[in-house]
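Subject: Structure handover

Hi,

Here is the structure I promised to pass on. My notes follow below it.

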Amino acid sequence: MPTNVKELKSLVEAAKQATAGLEGTDLRRTAFERVLDHLLKNGADEVTVANRMGTTQATSTETGSQSADGSFADEQQRVDAIATYFRIAPDDVLHVFDASGERPALAVHTSSLDTRKAVATREIALLVAGVRTALGLKTTTAHIRDVADDYGRLDSPNFMSTLANMADISVLGRVGSPNRVVRMKVSGAEKARELAHRLIGD
C-alpha cells in the first residue's frame with residue numbers, strides 16, 4: 001500500500017498510462033480500476049507490470065476485440081444496398097424508400113398500399129423488414145407497427161396476430177411480448193421484391 005500522497009499519485013498515474021491506449025470509455029474505466037487496485041495491493045514495484053499490461057490490452061483491443069465499423073458511409077451506399085436487395089434500379093429506390101438517414105423509411109404514397117388494414121400491414125411488414133435487412137439492421141414488431149400507424153393502416157387488436165400468421169416472416173420472442181424480433185424468410189424476400197417492383201410500376 002502507498003505510504004504517502006506522492007506515492008499514491010505515482011500509482012494513479014501509472015494506472016492511467018497503462019490503460020491510456022484502450023478504446024471505449026467503459027473498457028478504459030474498468031481496466032483502470034483493476035490496474036489501480038492491483039498497484040495499491042502490490043506497491044510501486046508493480047508499475048512496470050502495469051505498463052506492460054496496458055500495452056498488451058491495447059494491442060489485443062486493436063487487433064481482435066475492437067468491433068469493426070460496417071455501417072454505410074452515405075446515402076448512395078444505402079441506396080445501392082437497397083437496390084441490390086430488391087433487385088431494382090438505384091434511381092427507383094427513392095420511389096419506395098427514403099434512404100437519406102441512417103435508418104430507412106417507407107416513402108410510398110398512402111394510396112399505394114391496400115386499403116384493408118390486414119393486407120396493408122403485411123405489405124408494410126415485407127417492405128420494412130426487407131429494407132432493414134438490406135442495410136443489416138434488426139427489425140422488430142415496433143418498427144412495423146410505427147409505419148402501419150403512420151400510414152393509417154394499424155389495426156391494434158389484430159396487429160400481432162396478423163404478423164404471426166404471415167408465412168413469409170418469422171416473429172421471434174414470446175407471445176404477449178410488446179416488441180418482438182422479425183426475421184425475413186427467403187419467400188418473404190421474394191415477395192418483398194415483387195411488391196417493390198409493383199410499387200415502382202414495373
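Start with strand β5 (residues 181–184), where the side chains alternate.

Some ground rules. This is a predicted model, so local features need pLDDT of at least 70 and side-chain atom pairs count only at pLDDT 80 or more, while totals for chains, interfaces and linings use all residues. Residues are numbered from 1 along each chain as its sequence is written, and side-chain values use heavy atoms, with hydrogens and water left out. Helices (H or I, at least four residues) and strands (E, at least two) are DSSP runs, numbered from the N terminus. Buried means under 20% relative accessible area, exposed over 50%, and partly exposed in between (1.4 Å probe, protein chains only).

β5 has two partners to report. Strands pair if DSSP finds at least two bridges between them. β3 and β5 run antiparallel, joined by two bridges. Here T140 stands opposite V181. Strand β4 (residues 169–171) is also antiparallel to β5, with three bridges. V171 faces V182 across that pairing.

Now T140 itself. T140 lies in strand β3 (residues 139–140). Its relative accessible area is 10%, so T140 is buried. Its side chain makes a polar contact with the side chain of N179, at 3.2 Å. A polar contact is a pair of N or O atoms within 3.5 Å; within protein, one must be able to donate a hydrogen and the other to accept it, and residues adjacent in sequence count only if both atoms are side-chain atoms. Beyond four places in sequence, T140 touches N179, R180, V181 and V182. Contact means heavy atoms within 4.5 Å.

Next, helix α6 (residues 117–134). Its 18 residues reach 25 Å from first C-alpha to last, close to the expected 26 Å. The expected span is 1.5 Å times one less than the number of residues. α6 is mostly covered, with 14 of its 18 residues buried. Just after α6, G136 takes a positive phi of about 70°.

Last, T162 in helix α8 (residues 159–164). T162 counts as buried because its relative accessibility is 12%. Its side chain reaches the backbone oxygen of N158 at 2.8 Å. Leaving aside neighbours within four places in sequence, T162 is in contact with A118, T121 and R122.

Best wishes
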